[in-house]
Amino acid sequence: MRVALSWLASYVPLPESLDELVATLDDLGLVVEDIEHVGLGLDGVVVVQVERIDAIEGADRIRLVTVRDRGAPVEVVCGAWNFEVGSLVPFAPVGTVLRDGTAISRRTMRGVVSNGMLCSGRELGVGDDHEGLLVLDESAATPGQPIAEVLGVDRDVVLDIAIEGNRPDAWCVEGVARDLAARYDVAFHRTEPDPPAPIGEGAGSVPVAVEIVDPDLCGRFVATVLIDVDVAESPRWLARRLELAGMRPINNVVDASNYVMLELGQPTHAYDLDRLAGHAIRVRRAVTGEELELLDGSSIELAVDSGAIGDTGEDLAICDGDDVPIGLAGVMGGSSSEIGPATTSVVLEAAWFEPIGVARTAKRHRLRTEASVRFERGCDYANCDRASARFVELLAMSSPGLRVLGAPIDVRGELRRPASLRVDADAIEGVLGVRLGLDEVARLLSAIGFDVADRDGTLEVTAPSGRPDVRDAPFGVADVAEEVARLHGYAALPTRVPSWPAPGGLAPVVRVRRAVREALVGIGALEAWTAAIVPADDAQLLGDEDERVRLTNPVAADAPFLRSSLMPGLLGAVRRNAERRQGDLALFEIGVVFAHPSAAPTARVERGGAGGGELVKLPSEDERVSLLLARPLDDARTAVAAWRALATALRLSHTRLDPIAGTTPLGLHPTRCAAIVDASTGAVLGTLGEVDPDIAARAMPGLDDGRRLGWVDVSMGVLADHDAVLRESDVASVPSRYPTSDVDLAFVLDESVHVEELKAVLRDAAGELCESVECFDAYRGHGVPPGSRSLAMRVRLCALDRTLSEEALASTRVAMIDAATGSLSATLR
Amino acid sequence: MAPGLDESELAAYVEDALSRVASASGPAALGALRAELTGRRSTLAKWHRELGSLGPDERRTLGRLLNEAERAITEALGERDAERAREARAERLVADRLSLDELVDRAVDTPLARGHRHLVTKTRDELEDVFVAMGYQVVEGPEVETDWYNFEALNLPLGHPARGMHDTMYLDVGTSESVVLRTHTSPVQVRSMEAAVRDRSLPLHVVAPGRVYRRDTPDASHLVEFNQIEGLVVDEGITFADLAGTISAFTSAYFGDDISARLRPSYFPFTEPSAEFDITCTICRGARCRTCSQTGWMELGGCGVIDPAVFAAVGIDPARWSGFAFGFGIDRCAFMRHQIADLRALVDNDVRFLRQF
């Protein structure tokens, strides 16, 4: 909200220092977001009359203009063409400093001396027009007159103040002043309008009938009827205040309505009485399908349910005597009863509409107006009559002949009684942690309109009707405490660092995630952070569009999906680095991927719906650790090595790589991939291998050097689940002090026999002498039948209490060979 | 009828062509066949040219039949191409086969260079450690939430104007606008309180870091996806004073002793009283500079005393328990501490940026 200091100062004395004022407003929760100095750069600028216009030789865009104020003629070079001899224009003489800091000096152009500058509206900061000079109306300006006087622009400061959602009372100049007066403990000059007395008092003298059909949505409707209205321009001071507030003056009727809203926070709406059918107003719920042409010329269909959660589809319509909608209550009026130049009779509406209803209507029709944002937060229904009177008072200034017909019609619907509760020093201390004197509490609350009575050490507090955010007891204690704290000043409250006996700690998954990250960083990978909201390309790359979760309202229309894998994001990151000639890298990311509830085996179900009364199916979330190896020598082998490093770091004892049964997971190379499985529990941790070469080629068209991309992808949830994935025992083994001996054996086995199976058989056969088993070569080809492979194994043997004898070694060797040939149908090679 | 062209002849021609396409073997044969059947000198092309000499009715009928014939032959050729591509891919993949169980141990050298954590992770870890040292448990919650957890249980009912500030992104699942990408980490507050009530494990001292989403145009200081950390204390005798003390203790612990915090009144529906908290500008250390708009302060986050209505929604007795909550941006902390000119560098994943942390 833009507030001019000159306006604010008419309600409350302001401090000398702008810095102090801004700091005070910030401290009151009225955050100053911008400070604009207006009327700067007008000093010295005067009105001049154009006497002569001469061409400059060799120049076709600029001319030499001779102008005169009251003194001697002055020659100025000018590039504008929108004036003629006799025009009155603004002139900045040499030495003037304009608002943008430009200092006007004597300049020579094309050999001609320019003694100043003729100005456009924008150069003076009084408009956006930069097409030509600001040509002044001859009736309103005389040569030599200071331009500031002609434009009615005084030096002023406009503060742009952010008003919080719970402070509808502060969304007006008077409201800001009220807070300042409370903080500074000074008198606050409340607006008390003194409109012309009505004529024809008494029932029946007012020719308009008002009916509230739906009292739950319209709590109050005050209608004031004016006749003999002269639609004209507003007084200059009033128009100026609107301009400073960021509103365009239109005519005195509309301007007075806007002024009242800015001043008192109460939106009003003026109808042309002669265009109001039946001279009656009915406030009722719109019927589905009714149409209304709005003031802005657009046409809307009323009461059509958007289908969104909690949308009742209800609109509140203002209707005329024929029961035809002429306005969308609290949002925008209709064009049929719009005030125009010919208007002479006016019905002014000052009403209170139910906030949530206005909010829904404004949202559904995408019509956020100055009125709707105020009604949404809750206006002060007690303000309706004051706002009406103030409107009449203001309008009478530019339409002195107007007459008020009878007393305003005041119709009531359902209104919430303002909160009323008892508060004592203990209650305030319970929230703020400080014991404040009740006198001080009462003073602060009274200053912002609360009704406070001291009853033996307990305050009976009633909130003003403009504070719908304040609730009854027990919740209202917090609301009252906040007002006290705010006016007292947060900085003036004591502080204390709380402590408690329970120690802090990390959730198990956080600990595992840190260990994973440490391990991957340890093998040289960089951690990336890619978007979870991804483009359609991402889904096309993996070909799983149909199963994706789609956003209803994405930021970019071409990025409508949630990711289902970290692969496309990491491929994109590598590609962008490759384009910068730095694509030899290993990247990993730990992040959530999503699956549509209909695609997940078991959908996530949570409390949701309107009021939290339903169970809602949600997309499933799966946190993945994905590693993309894109260095020149990377492939499935390095992926296996990387996984082993990770498994070792996490002390996983029993995982093995199994061929993938059935369909290859999306994105993986079908013949170079494996599932990572816990051999003891059967839990699948993830997959590894290479990225499908066709996908790699499509994702990284620039990187066609035939390189392979290694890939590891594991579920963080399974990794962190100590029941699904077994860890090495915590019991440490002390290594033997005696020498070790290696036994090398090569076996030919069927391809279907897993290396881990062979290792297990050898380990079992060697018994407690076995220190380690390792596969050091694999061979297919000459001498090995098709469908089989030869695996060369090295078993390291050792005893804790002795050096192994030749005999022991030989018998263990035989035992291992017998076991492998017996249980795995292996042949020794 | 033009010489050499009638409907039955056309049908016979197409049938013959399709069987030749089906039986063609090898890419060369298929390529030759394609030229013969669909090229400029093909029979079909010749018949097309002859259409011109026919009467309008005949031209229409035969033209349509010719087009259909052409489409059938082209499709058949296309299918054979796709089939060939599939076969070629299958052959390549078979030739590429590798058994991953037999990788020779220690055959792959691990590189000597160490990698890097992402700056945001690093910042998050540091923040977590500060709060763990202050006695907080680090917990997490889901990124997709129902309207209930993201808004309603936080005293933001449907139609509440403060929802407008959240720039919410909705998912196309179930009832419109009922499933959201969480706009803040505050739903974890609700989940933590619900769990504590269920397990009778109050008091509660937790922080919840995680990714959140706002429908905002990304620029140098805004990301659509960013990270927040949320703090929540529910205990006996907790007041605004404890909140102010906690914010100030955290600020010095994380940013350094010369950085202090101040609270300003603000509004969040789930806290009352509510505050924004600013910290001393980390660039000028309070001396007032351009970054802090000459104020000496930078806005960091929001906080407040838990609104009793939130307690009521999760079933905590406000007569016995009170608490406070706070939240701020993890990325913003990194941004302030490392004076990052453009937040988008965080998601660009340029290795020259990643390697600095």
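Predicted model: local features only at pLDDT ≥ 70, side-chain atom pairs only at ≥ 80, totals over all residues.
Two strands are said to pair if DSSP finds at least two bridges between them. In general, the strands of a sheet pair through backbone hydrogen bonds, in either a parallel or an antiparallel sense.

The contact between the chains was then examined as a whole. It involves 131 residues of chain A and 114 residues of chain B. The size of an interface is often expressed as the accessible area that is lost when the parts come together. For chain A and chain B, the area buried between them is about 9900 Å², and 55% of it lies on carbon and sulfur atoms. On the side of chain B, Leu100(B), Asp101(B) and Pro265(B) provide 7% of the area buried against chain A, more than any other three residues.

Between chain B and chain A, 21 salt bridges are counted. One of the salt bridges links Asp348(B) to Arg580(A), with the closest N and O atoms 3.3 Å apart. Sorted by class, the residues of chain B that touch chain A comprise 51 nonpolar, 38 charged and 25 polar residues.

Within chain A, seven strands form an open sheet with mixed pairing, in the order E27-E30-E33-E37-E36-E35-E34. The edges of this sheet are strand E27 (526–527) and strand E34 (655–658); each has a single partner strand, so one side of each is left without a neighbour in the sheet.

Strand E37(A) stands between E33 and E36 in the strand order. Strand E33 of chain A (residues 620–629) runs antiparallel to E37(A), and six bridges join the two. Among the residues involved, Arg624(A) stands opposite Ser715(A) of E37(A), and Val625(A) has Val714(A) as its bridge partner. Strand E36 of chain A (residues 684–691) also pairs with E37(A) in the antiparallel sense, over five bridges. Here Glu690(A) has Gly710(A) of E37(A) as its bridge partner.

A residue counts as buried when its relative accessible area is under 20%. Six of the six residues of E37(A), residues 710–715, are buried, so the strand is largely enclosed by the rest of the structure. Gly710(A), Val712(A) and Val714(A) point one way from the strand, whereas Trp711(A), Asp713(A) and Ser715(A) point the other way; residues of both groups are buried.

A further buried residue of chain A is Ser788(A), which has a relative accessibility of 15%. Ser788(A) belongs to strand E40 (residues 788–797) of chain A. When residues up to four places away in sequence are not counted, Ser788(A) touches Val748(A), Leu749(A), Asp750(A), Glu751(A) and Arg780(A).

Several backbone features remain to be described. Most peptide bonds are trans, and most residues other than glycine have a negative phi. In chain A, a cis peptide bond with omega of about 0° joins Ala473(A) and Pro474(A). Pro474(A) is located in the loop between strand E25 (458–462) and helix H13 (476–488) of chain A. In chain B, the peptide bond from Glu272(B) to Pro273(B) is also cis, and its omega is near -5°. Pro273(B) is placed in strand E7 (residues 271–280) of chain B.

Positive phi values occur at two arginine residues described here. Arg366(A), which is not a glycine, has a positive phi of about 50°. Arg366(A) is situated in the loop between helix H8 (355–364) and helix H9 (370–377) of chain A, and its relative accessible area of 75% makes it exposed. For Arg285(B), likewise a residue other than glycine, phi is positive and near 55°. Arg285(B) lies in the loop between E7 and strand E8 (297–306) of chain B. With a relative accessible area of 42%, Arg285(B) is partly exposed.

Definitions and conventions
Residues numbered from 1 in each chain as written. Chains lettered and ligands numbered in written order. Heavy atoms only, no water. Buried < 20%, exposed > 50% of the residue type's maximum accessible area, 1.4 Å probe, protein only. Helix = DSSP H or I, 4+ residues; strand = E, 2+ residues; numbered from the N terminus. Contact = heavy atoms within 4.5 Å. Buried area = accessible area lost by both parts, 1.4 Å probe. Salt bridge = Lys/Arg side-chain N within 4 Å of Asp/Glu carboxyl O. Nonpolar A, V, L, I, M, F, W, Y, C, P; charged D, E, K, R; others polar.
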